[in-house]
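Please brief me on this structure. Start with the whole chain, then go through its sites and pairings.

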Amino acid sequence: MPVYEYIAENPEKSCRICRKGFELMRPMDREPLLECLYCKNPIRKKMPLISTPRVSSLSNAKDKGFTILKRRDKGVYEKL
Ligand SMILES: [Zn+2]
């Protein structure tokens, strides 16, 4: 069964469960949940994270001015 992550549409109006977001196992054939099970305020499905952490940390490092060195061979580094 897929696990979906839901989060409050209006965090300031919602309960502390959905304000922080929660995960819910839900069969594929069921329609998506539109309101919090606890406070009945609107919630939305969080998009699954597609980006790979390695790529984002690489670009973060570049943003911070680091020089990225890629290991080419044993003990040999190439400046990218
Ligand atoms: Zn709630």
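To how many Å² does the accessible surface of the chain come, and what percentage belongs to carbon and sulfur atoms? The surface comes to about 7000 Å², and 54% of it belongs to carbon and sulfur atoms. Such areas come from the Shrake-Rupley method with a 1.4 Å probe, and for residues only the protein chains shown count as cover.

This is a predicted model: local features need pLDDT of at least 70, side-chain atom pairs count only at pLDDT 80 or more, and totals for chains, interfaces and linings use all residues. Residues are numbered from 1 along each chain as its sequence is written, and side-chain values use heavy atoms, with hydrogens and water left out.

**Overall fold**

- The chain has 2 helices and 5 strands.
- Along the sequence they follow the pattern β-α-β-β-α-β-β.
- Helices (H or I, at least four residues) and strands (E, at least two) are DSSP runs, numbered from the N terminus.
- The chain has 80 residues, and 20% of them count as buried.
- Buried means under 20% relative accessible area, exposed means over 50%, and partly exposed lies in between (1.4 Å probe, protein chains only).
- Take the contacts between residues at least 6 apart in sequence: 34% of them join residues at least 24 apart.
- Contact means heavy atoms within 4.5 Å.

**Zinc site**

- The zinc ion has the protein donors C15 (SG), C18 (SG), C36 (SG) and C39 (SG), at 2.2 to 2.4 Å.
- Donors are N, O and S atoms within 2.8 Å of the metal (3.2 Å for Na, K and Ca); water is not among the atoms, so sites may look incomplete.
- The site is tetrahedral, with angles of 107 to 114° among its 4 donor atoms.
- Four donors count as tetrahedral if all angles lie between 85 and 135 degrees.
- The donor residues are spaced C-x2-C-x17-C-x2-C in sequence.
- C15 counts as buried at 19% relative accessibility, while C39 counts as partly exposed at 23%.

**Salt bridges**

- There are 2 salt bridges, each a side-chain nitrogen of Lys or Arg within 4 Å of a carboxyl oxygen of Asp or Glu.
- One joins K46 and E5 (3.2 Å, N to O).
- This pair spans 41 residues, from E5 in strand β1 to K46 in the loop between β3 and α2 (53-63).
- K46 is partly exposed at 30%, and E5 is partly exposed at 31%.
- R44 and E9 meet in a salt bridge as well (3.5 Å, N to O).
- R44 lies in strand β3 and E9 in the loop between β1 and α1, 35 residues apart.
- R44 is partly exposed at 41%, and E9 is partly exposed at 41%.

**Around K45**

- K45 sits in strand β3 and is partly exposed at 34% relative accessibility.
- Its contacts, leaving aside neighbours within four places in sequence, are Y4, E5, Y6 and P32.
- K45 and A8 are 37 residues apart in sequence and 8.9 Å apart in space, C-alpha to C-alpha.

**Surface patch**

- M1, V3 and M25 form a nonpolar patch on the surface, with about 350 Å² of accessible area together.
- Patches are made of residues with over 30% relative accessible area and no salt bridge: like charges are joined within 9 Å, nonpolar side chains (Val, Leu, Ile, Met, Phe, Trp, Tyr) within 5 Å.
- M25 lies in strand β2 (residues 22-25) and is exposed at 56%.

Key:
Four donors count as tetrahedral if all angles lie between 85 and 135 degrees; four count as square planar and six as octahedral if opposite donors are over 155 degrees apart and all others between 65 and 115; anything else is irregular.
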